[in-house]
Amino acid sequence: MELAWYALLGLFFAGYLVLGGYDYGVGLLLARGGPGTRRANLTALGPFFLGNEVWLVAFVGILFGAFPTLEGELLSGFYPVVVGALVGVILVTVGVQLRSRPSGQPARAGWDRVVVVGSALAASGWGGLLGGLLQGVPLHADGHVAGVTHLATPFVAATGLAMLALVAAHGATFLTLRLPAADAAVLGRLAGRLIPVAVTAVAAATALGLLSDRVRATAQQPPAAVLLPLSLVTALLVARVALARQQPGVAFAATGAALALPVALVGAVLWPAVLVSTVDPSATLTVAEAAASGPTLRLLGWLTIPLLPALLGFQAMCWWIFRGRTDGRAPVYW
Amino acid sequence: MDTLLLARLQFATTTSIHFLFVVVTLGLVTLLVGMQTAGFLTGNPTWERLTRFWGQLYVINYVLGIATGIVMEFQFGLNWSGLSRYVGNVFGAPLAIETLVAFFLESTFLGMWIFGWHRLRRGVHLALLWGVALTAYASAFWIMVANAWLQNPVGYEVRDGIAHLTDFGALLTNPTFGMAYGHVVAAALLTGGILMAAVSAWHLIRRTPDFLLFRTSLRIGLVTAAGAVTLVQGFGFAQFGPVGQVQPTKFGGTPAADALVTEWTARFGPGDYTPPVLSSVGLGFMILIGFTLGAVWLLLPLLWRDWIIRLRFPLWLIMLAVPLPFVAVVLGWIAREVGRQPWVAYGLLPTEQAVSRVDPGVMLASLIGFSLLLGALAVTNWVLLARHAARGAADPALGRPPGTPDDEPRPAPAFA
């Protein structure tokens, strides 16, 4: 039962990185272009934006309900990166929704800069969190993670930057798929240029990981650790080819996979542990130990599992209603 | 400065700001459901205009509700990891249910509602708003279940120092839950009603266009506020009995409170087991505001032949009353939350054992950073709300027909 809940936890975090990922990617791209371009980008996000951000909230909800011990140590043990990501999430959430409420152009441009900064913080924060999990934490026998300086490593910085690059490429691919066909060629070239950047960032993070004793010692399942960068690079190359062939749908699926795969593979690399201790092997927290006790998981299962099809169904309804490229008739609000 | 005090200050700040926005969300969405449903049934375009105007204010207000809510959710793990460690098996369940069953759907529906004008069939569009409202109420329901458990832990047993769930039904029949939920929902309706009446009053005093529209929303706001204030008082006073029974130290001064303190001293060692005086002071002022707002009933007869508008001074009174419900909800929250100190889960887990083992410097930076960030965003949001409220119902961006020339025309080649 713990495994099923662990998979569900991963599903929601991966879903958040894929969906929230293109929000942040589009957010980063607000750094370029004139007022009209930026508004068009936000209109492309439009109806999906609110439904994307809640995947994060659901992820933390499952984390708290089904893995309370992990929740406490994960969030407090990774304090700076979690707070950084959280500030980013707030800036993006508020910035996107409020930027078009003032009518003056300078105020809107100011909010757009807020969204750019927020997107960068959110993406690099979540990347740093995944990197931090891969290099283990100073988890002591009393069950607490000591201090926050364990995060100050080149590897965490590299994974943060890699996530930033992945998200930017994903966002550009989303816009290629979503904006009017007239804009697609230019955006496709932009996305095509961002993908090699992402490949380089992933390669740099991989190299730093291989050089780090902590990362090598933390990997519980080395084959999954090898598969992680390989599958990421493969997905990115597929996206590059698809963009060159003007198949933005395929490219978007590939960049989406590049954001979902790290979650699945980080889980696999650490399995059966979830927080690997670098100071005391016996203190390592396994998935089974981190999970809530049986009655809680059963209750959550009875109450939430029957509703999962409805949750996903209403999200799918949103995607279906507002599918296709934006045009002059697309509702403009953000 | 110690980590405990800083973490408590941060929680108090975030919760208070969060609460100021969610009461408006919950109150306005109820009134919006009424307006859009009326428009759907009668086909009268005034209802659609009312829905768009108040819907826009609702959507702007909602932004800060989400932002502060996300901080709240993360804060449990960031600052209160002991809470998840010792009582997460029980306390985490209603929170997890809230995010999945309520908030996830609420936000999904709201996104479709905002962008669904002129795109969806009117019935579907209305159903989405009903979905937003019902999930908002469900959200408040589960959050109050979780909070009531902290006030009065039930349905658990402690094994190996950790609480395990034994009876989920007991969480729902918790004496600190039902009346408190009614109280909070009524307070939200009161706040929404007063706000709606006050914004309408401003337009009526200024004699802006749309007299009939704002006359309607003034009446809706006042009648809602009057009904809600009575419910607030009823649910409020009804709580004294059950809360006094399960939390004797909250109001203090009874033999039961003294007996409980003696018992705790024996079990947990000597300590200060009486809540700070702030909680009872807050309670007193909240009750005072509750009675003052009860005077809204005196304004209802003036609705006859629009005397309320012709006399003008009642409109000023309504506008002056706007801060009162906001102050009252924060005071009420302080009375409830500070009143359970020094416990995070009453009689089960002391607050000092729940706080994360984070360096005070890190906690201080987090407190200052989040307070400044959320405070600045809250003020910005209120300024935007005030401007949009003042702008009137001529052409809100929400529900603007597609193809309307926007203030930001799109250049022909967007990516040249």
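This passage walks through a predicted two-chain model, from the overall build of chain B to the contact between the chains and a few local backbone details. Residues are numbered from 1 along each chain as its sequence is written, and chains are lettered from A, with ligands numbered from 1, in the order in which they are written. As the model is predicted, local features need pLDDT of at least 70 and side-chain atom pairs count only at pLDDT 80 or more, while totals for chains, interfaces and linings use all residues.

Chain B carries 17 helices and 4 strands (DSSP runs numbered from the N terminus: H or I of at least four residues for helices, E of at least two for strands). Its C-alpha atoms fill a box of roughly 70 × 60 × 40 Å along the principal axes. Buried residues account for 53% of chain B. Here, buried means 20 or more other C-beta atoms within 10 Å of a residue's own, exposed means 12 or fewer, and partly exposed is in between, with C-beta atoms placed from the backbone. Of the contacts in chain B between residues at least 6 apart in sequence, 80% join residues at least 24 apart (a contact being two C-beta atoms, placed from the backbone, within 7 Å).

Within chain B, helices α1(B) (residues 3–42) and α6(B) (residues 178–206) have axes that come within 7 Å and cross at roughly 75°. Axes are lines fitted to C-alpha atoms, for helices over the stretch in contact, and angles run from 0 to 180 degrees between N-to-C directions. The two helices are therefore roughly perpendicular, a label for 65 to 115 degrees; angles under 35 count as roughly parallel, over 145 as roughly antiparallel and the rest as oblique. Residues of α1(B) including V23(B), L26(B) and G27(B) meet a set in α6(B) that includes A188(B), G192(B) and L195(B). This contact has 11 nonpolar, 5 polar and no charged residues (nonpolar: Ala, Val, Leu, Ile, Met, Phe, Trp, Tyr, Cys and Pro; charged: Asp, Glu, Lys and Arg; polar: the others, Gly among them).

Between the chains, 72 residues from chain A and 64 from chain B take part in the contact. On the chain A side, α3(A) gives the largest share, 14 residues. By class, that side has 45 nonpolar, 20 polar and 7 charged residues.

R207(B) sits in the loop between α6 and α7 (211–238) of chain B and counts as exposed, with 7 C-beta neighbours inside 10 Å. A cis peptide bond runs from Q341(B) to P342(B), with omega near 5°, and another joins W271(A) and P272(A), with omega about 5°.
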